[in-house]
Amino acid sequence: KQHVTTQEEFVRVAQGCEGYGSVTFPHCPCDSRKDGHVILILSRDHITIQACSRDGERQEQVKRFAWAHITEHSVTEEGGEFSFTVTKGTSVRKIVLTSRYSSFMDHCFQLVLDT
């Protein structure tokens, strides 16, 4: 049985680890990348889109979006595409991801936006 102080220390260390409290989806095609894929990463703080190759090898380009700038999100009835719209001032950008996890992406967006 762990001592309470050991448990608290473990939790602090875990919370400091990269990716703690986030959901990382497998790479998938994205309409904003002509020949590549992206990795969608969701956390309570922001949305991250990491560029990657068709094989999932991460590339340098990273885009982050604040949840406050998400104006809508949806999944197609067939469930193959998930989209979300980012609005900053007069700039509006719709991002479409093609993934078999599109329904789960939509569900995660809704959970974060409801909190």
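Start with the contacts across the whole chain. Of the contacts (heavy atoms within 4.5 Å) in the protein chain with a separation of 6 or more, 32% join residues 24 or more positions apart. This is a predicted model, in which local features need pLDDT of at least 70, side-chain atom pairs count only at pLDDT 80 or more, and totals for chains, interfaces and linings use all residues. Residues are numbered from 1 along each chain as its sequence is written, and side-chain values use heavy atoms, with hydrogens and water left out.

**The whole chain**

Show the cartoon. You will find 2 helices and 8 strands. Both come from DSSP runs, numbered from the N terminus: H or I of at least four residues for helices, E of at least two for strands. From the N terminus, the order is α-β-β-β-β-β-β-β-β-α. Along the principal axes, the C-alpha atoms fill a box of roughly 50 × 35 × 30 Å. Now colour by accessibility. Of the 115 residues, 33% are buried. Buried means under 20% relative accessible area, exposed means over 50%, and partly exposed lies in between, using a 1.4 Å probe on protein chains only.

Select β3 (37-42) and β4 (46-52). They run antiparallel, joined by 6 bridges. Two strands count as paired if DSSP finds at least two bridges between them. The two form a hairpin with 3 residues between them. Pick Val-38; its bridge partner in β4 is Ala-51.

Stay on β4. Of its 7 residues, 6 are buried. The hairpin of β4 and β5 has 5 residues between the strands, and Gly-56 in it takes a positive phi near 90°.

Next, click Asp-55, in the loop between β4 and β5. Is Asp-55 buried or exposed? Asp-55 is exposed, because its relative accessible area is 74%.

**Ile-41**

Go back to β3 and select Ile-41. Its relative accessible area is 16%, so Ile-41 counts as buried. Leaving aside neighbours within four places in sequence, Ile-41 is in contact with Ser-22, Val-23, Thr-24, His-46, Ile-47, Thr-48 and Arg-58. Phe-25 is 16 residues away in sequence, yet its C-alpha is 6.3 Å from that of Ile-41.

**The largest pocket**

The largest pocket holds about 320 Å³ of space. On a 1 Å grid over the protein atoms alone, a pocket is an open set of points where a 1.4 Å probe fits, with protein on both sides within 12 Å along at least five of seven lines; lining residues have an atom within 4 Å of a point. Grid points are joined across faces, edges and corners, and the volume is the space filled by probe spheres set on them.

Which of the 14 lining residues are closest to the centre of the largest pocket? Select Glu-18, Gly-19, Ile-41, Thr-48 and Arg-64. By class, the lining has 3 nonpolar, 7 polar and 4 charged residues. Ala, Val, Leu, Ile, Met, Phe, Trp, Tyr, Cys and Pro count as nonpolar, Asp, Glu, Lys and Arg as charged, and the others, Gly among them, as polar.

**Strands β7 and β8**

Move to β7 (81-88) and β8 (91-98). They pair in the antiparallel sense over 8 bridges. Their hairpin has 2 residues between the strands, and Gly-89 takes a positive phi near 60°. Phe-82 stands opposite Leu-97 in β8.

Select Val-96, also in β8. Val-96 counts as buried because its relative accessibility is 17%. Beyond four places in sequence, Val-96 is in contact with Pro-29, Cys-30, Asp-31, Glu-81, Phe-82 and Ser-83. The C-alpha atoms of Val-96 and Asp-31 are separated by 5.5 Å, although the two are 65 residues apart along the chain.

**The nonpolar core**

Finish inside. The largest nonpolar core has 20 residues. Such a core is a set of buried Ala, Val, Leu, Ile, Met, Phe, Trp, Tyr and Cys residues joined through side-chain atoms within 4.5 Å. Select Leu-40, Leu-42, Ile-47, Phe-84, Leu-97 and Phe-109, which have the most contacts inside this core. β3, β4, β7, β8 and α2 (102-114) each give two or more residues. The largest share, 4 residues, comes from α2.

Last stop: Leu-97. Among the residues it touches beyond four places in sequence are Cys-28, Val-38, Leu-40, Phe-82, Phe-84 and Met-105.
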